[in-house]
Amino acid sequence: MKYKIDLTEEDYVRFNIFYMAHSKAGKRGVNMARIVFPALAAVILMAFFAAGAEPGLIAVEAVLFAAAAGGWLLYAPKAVERAIRKQISRMKADGKLPFHQNAEIEFGDVAIVEKNEQEEIRVNYQDIENIYPDSGYLYIFYSAVQAFIVPYRCLGEDRERVTEYIVNKKKIS
């Protein structure tokens, strides 16, 4: 089974967001981004308390910091997404995209082979670490940070068949 894969910047952004949400390192990074502001607010409140500030001032500061911390908890994922988009834009401006926009992927009997202008990547099914069907994409991880990004739009009506084929090949090998 051979398919032409056309990746866009948006596909790569979605992959990075998926990776951050599902990998140990990614989850840790997002959680740290979420925790920093509330922790800083708590430290500032303790400093006010230790300095002997008026209880009314401390209460007002606590309410303001709690509201700001709540807003930050909601905003942090968007901030991470924006950072990913900026990083990809910088790479594109430098002419060094971390993905190949056009490739051909073949799901063979013993391996997956992806061919693009610069290289050919061959991964045996037994070397696949994880397979993640997601809304719109199939991510096939062959290392902790490397994966085949297969948009379902490139598979057409073969979406389910390809996913089942890969899962079965991984089980057998």
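Modeller: Let me begin with the term pocket: on a 1 Å grid over the protein atoms alone, a cavity is a set of points where a 1.4 Å probe fits but cannot get out, whereas a pocket is an open set with protein on both sides within 12 Å along at least five of seven lines, and lining residues have an atom within 4 Å of a point. Grid points are joined across faces, edges and corners, and a volume is the space filled by probe spheres set on the points. The model is a predicted one, in which local features need pLDDT of at least 70 and side-chain atom pairs count only at pLDDT 80 or more, while totals for chains, interfaces and linings use all residues. Residues are numbered from 1 along each chain as its sequence is written, and side-chain values use heavy atoms, with hydrogens and water left out.

Biologist: How much space lies in the second largest pocket, and which residues line it?

Modeller: Rolling a probe the size of a water molecule over the atoms shows where empty space is left. Here the second largest pocket holds about 190 Å³, and its lining includes Arg 14, Ile 17, Lys 27, Asn 31, Pro 77 and Glu 81. The elements giving two or more residues to this lining are α1, α2 (24–50) and α3 (55–93), where helices (H or I, at least four residues) and strands (E, at least two) are DSSP runs numbered from the N terminus. The lining of the second largest pocket divides into seven nonpolar, one polar and three charged residues, with Ala, Val, Leu, Ile, Met, Phe, Trp, Tyr, Cys and Pro counted as nonpolar, Asp, Glu, Lys and Arg as charged, and the others, Gly among them, as polar.

Biologist: What is the volume of the largest pocket, and which element gives the most to its lining?

Modeller: The largest pocket has a volume of about 440 Å³, and of its 21 lining residues Tyr 12, Phe 15, Pro 98, Val 145 and Ala 147 lie nearest the centre. Helix α1 gives the most to this lining, with five residues, and by class the lining has 15 nonpolar, four polar and two charged residues.

Biologist: How do the axes of α2 and α3 cross?

Modeller: Axes are lines fitted to C-alpha atoms, for helices over the stretch in contact (heavy atoms within 4.5 Å), and angles run from 0 to 180 degrees between N-to-C directions. Angles under 35 degrees count as roughly parallel, over 145 as roughly antiparallel, 65 to 115 as roughly perpendicular and the rest as oblique. The axes of α2 and α3 come within 8 Å and cross at roughly 170°, and the two helices are therefore roughly antiparallel to each other. Among the residues making the contact are Phe 37 and Phe 48 of α2 and Phe 65 and Trp 72 of α3.

Biologist: In what order do the strands of the three-stranded sheet lie?

Modeller: Strands of a sheet pair through backbone hydrogen bonds, either parallel or antiparallel; two strands pair if DSSP finds at least two bridges between them. Three strands form an open sheet in the order β5-β6-β7 with antiparallel pairing, and β5 and β7 are the edge strands, each pairing on one side only. Strands β5 (residues 130–134) and β6 (residues 137–141) pair over five bridges, and they form a hairpin with two residues between them, where Gly 136 in the turn has a positive phi of about 95°. Ile 140 of β6 stands opposite Ile 131 and also opposite Phe 148 in β7.
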